[in-house]
Amino acid sequence: MQALAGLKVGFIGGGAMGGALATGLVRSGRVAPEQVLVSDVCAERLAELSRVLGIKTLSDNRFLAREADIIVLAVKPDQIRPVLEEIADLVHPGQTLISIAAGVPLAELQRWVGKAVPVVRVMPNTPALVGEGASAYVLGSHAGSRDAGRAEALLSAVGRVVRVAKEELLDAVTGLSGSGPAYIYLVIEALAEGGVRMGLSWRDALLLAAQTVLGAAKMVLVSEEHPSVLKDRVMTPAGTTVEGLFVLEERGVRAAFIEAVKAAALRAEAIRLGRNGKGGKD
Ligand SMILES: NC(=O)C1=CN([C@@H]2O[C@H](COP(=O)(O)OP(=O)(O)OC[C@H]3O[C@@H](n4cnc5c(N)ncnc54)[C@H](OP(=O)(O)O)[C@@H]3O)[C@@H](O)[C@H]2O)C=CC1
Ligand SMILES: O=C(O)[C@@H]1CCC=N1
């Protein structure tokens with residue numbers, strides 16, 4: 001991947017999301033393990049990432065900020081400001097700062113870093129770990145095509161990526177694909193329980209449920225047909241599928257998913273606007 005050639009990618013925070021991105025990136029083969037650095041306050045997490053991926057890990061965010069060309073801020077939203085203030089004097093316009101924090105606006109990121117360095121806001125998701133992430137990004141005012149290229153190269157190595165036209169849309173992305181894997185795990189668990197209820201072993205039911213979700217998703221992406229067309233192809237008149245679908249519609253499952261995305265997106269918006277009642281951001 002040309003945009004990442006010879007560059008060092010540093011992750012500050014190697015937890016659920018930072019660890020998933022670092023792992024997906026190394027496993028993609030688009031960068032060598034020597035190009036990836038992770039710093040974290042948790043020594044066990046660092047030891048595990050270093051052991052599994054063969055990457056350099058460290059407990060010193062400032063050392064990482066000196067070394068990395070792309071710095072991914074992957075700590076919890078309330079830790080973004082202290083981390084940025086910790087490294088602000090070291091960062092320079094040759095670097096690209098990428099924040100993956102939910103609800104932390106570009107204007108704040110730029111203010112905390114205090115100088116004209118390129119900042120990109122990204123909303124990824126955890127399936128990046130297995131190369132099937134879904135991410136969206138928006139550029140800050142000092143970021144240009146070089147930084148967009150770097151962000152796209154990084155994110156396309158671990159899944160699919162879209163650029164959104166304005167920052168506010170990242171709230172919707174957060175509600176849909178950022179939080180979305182959790183909704184789908186719930187669906188898979190429920191489908192499997194349905195199978196168990198009707199006599200399957202948990203092991204068989206879980207495999208069938210997960211593979212069905214994977215297969216259906218792949219059909220949508222590969223065929224590029226509208227999901228309703230694909231749905232119709234599964235239904236036989238007076239058959240089984242229409243009975244199942246009727247129950248889902250009757251119970252309001254479609255509306256429940258639409259409302260779930262809205263609720264999560266509104267929460268992201270509330271954090272971004274500082275209307276935070278639950279300790280997500282200071
Ligand atoms: N999880 C997800 O699905 C997604 C998360 N995000 C965003 O990613 C970010 C990280 O979330 P997530 O990975 O879930 O969180 P985690 O708590 O799993 O990971 C954060 C890591 O950063 C460490 N850390 C805390 N303070 C510092 C510091 N000052 N310097 C270096 N490392 C530090 C934490 O250590 P310790 O645990 O010891 O505090 C932890 O290991 C958040 O901003 C979130 O909004 C975005 C999309 C999806
Ligand atoms: O739940 C959260 O706030 C984070 C952001 C998107 C997914 N997890």
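A residue counts as near a molecule or strand if its C-beta atom, placed from the backbone, lies within 6 Å of it. By that criterion, ligand 2 is surrounded by Ala102, Thr174, Gly178 and Ser179, a shell that divides into 1 nonpolar, 3 polar and no charged residues (Ala, Val, Leu, Ile, Met, Phe, Trp, Tyr, Cys and Pro count as nonpolar, Asp, Glu, Lys and Arg as charged, and the others, Gly among them, as polar).

The model is predicted, with local features needing pLDDT of at least 70 and side-chain atom pairs counting only at pLDDT 80 or more, while totals for chains, interfaces and linings use all residues. Residues are numbered from 1 along each chain as its sequence is written, and chains are lettered from A and ligands numbered from 1 in the order in which they are written.

The secondary structure of the chain comes to 12 helices and 8 strands, taken as DSSP runs numbered from the N terminus (helices H or I, at least four residues; strands E, at least two). Two of the helices pack against each other, with an angle of about 35° and axes 8 Å apart, where axes are lines fitted to C-alpha atoms, for helices over the stretch in contact, and angles run from 0 to 180 degrees between N-to-C directions.

| Helix | Residues | Contact residues |
|---|---|---|
| α4 | 77-87 | Arg81, Leu84, Glu85 |
| α5 | 106-113 | Leu109, Trp112, Val113 |

Contact here requires C-beta atoms, placed from the backbone, within 7 Å, and the residues of this contact divide into 4 nonpolar, no polar and 2 charged.

Across the chain, residues 24 or more positions apart account for 66% of the contacts with a separation of 6 or more. The C-alpha atoms fill a box of roughly 70 × 40 × 35 Å, taken along the principal axes.

Notes:
Two residues are in contact if their C-beta atoms, placed from the backbone, lie within 7 Å.
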